[in-house]
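Here is a note for a colleague who is opening this structure for the first time. The points below go from the chain as a whole to single residues.

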Amino acid sequence: MSLSLKSTSPTLAGDPLELEIKGVKAVFRYCPPGRFLMGSPEDEAERLYNETQHEVTLTRGFWLLETPIMQRLWKAVTGKNPSEFKGAAARPVETVSWEDCDRFIENLNSAGLAPRGLRFDFPTESEWEYACRAGTTTPFSFGTALNGDRANCDGNNPYGTMEKGVYLGETTPVKSYAPNAWGLYDMHGNVLEWCKDWYGAYPSGSVTDPQGPSGGSGRVLRGGSWHVIAGSCRSANRYHNAPSTRNLYCGFRLALRSAE
């Protein structure tokens with residue numbers, strides 16, 4: 001593994017950390033400690049019952065891969081490509097379960113591929129939404145409307161606009177759409193992303209460094225996908241599924257955090 005850091009002591013959101021993992025370039029973006037409102041306000045259109053808005057404080061910064069895991073990286077690490085939508089190495093991997101992703105992470109850590117003092121992990125659900133919002137409070141990090149123009153989703157069912165857009169019916173290569181303010185691509189649409197947490201109800205009050213329930217039947221998925229309507233790609237929207245589930249609209253995104 002070769003490693004280069006733009007800054008050894010990152011202080012700004014979006015600062016890059018560039019790794020080479022099994023010969024594949026992987027750029028992570030820094031997400032600093034902070035406080036934000038997780039969930040959605042009561043007047044947000046298409047809001048669901050499980051999006052209770054509450055204050056979250058994250059006391060430690062972390063790094064998040066700037067794209068979902070690409071097929072080329074998954075294959076470099078595992079020797080396989082389970083994805084349905086092949087044909088472009090830069091497409092995100094899909095048809096992977098939470099358990100598959102957990103083994104992928106374990107392989108990276110056991111091989112010592114993380115920078116000194118850090119370890120690979122899933123993002124927690126709160127970390128994921130914090131990074132997705134990148135300081136914003138609107139339904140999407142880019143504003144209040146989506147019809148397939150700014151993220152890969154079912155644009156035939158738009159959100160915040162009457163104008164219908166495109167429905168591609170498949171994944172697109174990562175970075176096909178503009179990143180958010182912290183340099184993160186595809187946080188809305190393309191593939192749903194597995195998170196670390198078991199799924200459960202949100203707390204009603206403020207929390208610090210939440211880790212989700214201690215157990216459950218489903219793991220959290222975030223971000224929406226190519227397969228869903230635009231409203232299901234909102235920053236606050238939540239999915240969950242059994243950890244063994246594989247389908248062609250679920251992928252994931254690596255986090256790097258302190259090994260302590």
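**Notes on the predicted model**

1. In the protein chain, the mean positions of the 27 positive and 29 negative charges lie 5 Å apart. Please keep in mind throughout that this is a predicted model. The accessible surface of the protein chain comes to about 11,200 Å², and 48% of that surface belongs to carbon and sulfur atoms.

2. As for the overall architecture, the protein chain contains three helices and 13 strands, and its C-alpha trace spans about 50 × 45 × 35 Å along the principal axes. A compact globule of 260 residues would have a radius of gyration near 18 Å, and the 17 Å found for the protein chain agrees with that. Of the 260 residues, 54% count as buried. When contacts between residues at least 6 apart in sequence are considered, 67% of them join residues at least 24 apart.

3. Which residues of the largest nonpolar core touch the most other members? This core has 31 residues, and the ones in question are Ile21, Phe28, Ile69, Phe104, Phe120, Phe252 and Leu254. At least two core residues come from each of strand S2 (16–21), strand S3 (24–31), strand S6 (62–65), helix H1 (71–78), helix H2 (98–110), strand S8 and strand S12 (250–252), while the largest share, five residues, is supplied by H2. In general terms, nonpolar side chains tend to be buried together in soluble globular proteins.

4. Not counting residues up to four places away in sequence, leucine 254 touches Phe28, Trp63, Leu64, Leu65, Ile69, Phe104, Ile105, Leu108, Phe120 and Asp121. There is also a second, separate core of 20 residues, which includes Cys31, Phe62, Cys132 and Cys195.

5. Helix H3 deserves a look of its own, since nine of its nine residues are buried, that is, each under 20% relative accessible area. Charged residue types are on this list, with Glu125, Glu127, Glu129 and Arg133 among the buried residues of H3, and Trp128, Tyr130 and Cys132 are also included.

6. Most residues other than glycine have a negative phi. Alanine 134 is found in the loop between H3 (125–133) and strand S8 (192–198), and alanine 134 counts as buried because its relative accessible area is 9%.

7. Aspartate 209 also has a positive phi, near 45°, in a residue other than glycine. Aspartate 209 lies in the loop between strand S9 (207–208) and S10, and with a relative accessible area of 29% aspartate 209 is partly exposed.

8. Finally, is valine 220 buried or exposed? Valine 220, which lies in strand S10 (residues 219–222), is buried, with a relative accessible area of 0%. Leaving aside its neighbours within four places in sequence, valine 220 is in contact with Glu125, Glu193, Trp194, Cys195, Asp197, Trp198, Tyr199, Tyr239 and His240. Of these, Glu125 is one of the buried residues of H3, and Cys195 is one of the members of the second core. Valine 220 and arginine 238 are 18 residues apart in sequence, and their C-alpha atoms are 7.1 Å apart in space.

Key
Residues are numbered from 1 along each chain as its sequence is written. This is a predicted model: local features need pLDDT of at least 70, side-chain atom pairs count only at pLDDT 80 or more; totals for chains, interfaces and linings use all residues. Side-chain values use heavy atoms; hydrogens and water are left out. Helices (H or I, at least four residues) and strands (E, at least two) are DSSP runs, numbered from the N terminus. The radius of gyration is taken over C-alpha atoms; the globule rule is 2.2 Å times the number of residues to the power 0.38. Buried means under 20% relative accessible area, exposed over 50%, partly exposed in between (1.4 Å probe, protein chains only). Contact means heavy atoms within 4.5 Å. Accessible areas come from the Shrake-Rupley method with a 1.4 Å probe; for residues, only the protein chains shown count as cover. The place of a charge is taken as NZ of Lys, CZ of Arg, CG of Asp or CD of Glu. A nonpolar core is a set of buried Ala, Val, Leu, Ile, Met, Phe, Trp, Tyr and Cys residues joined through side-chain atoms within 4.5 Å.
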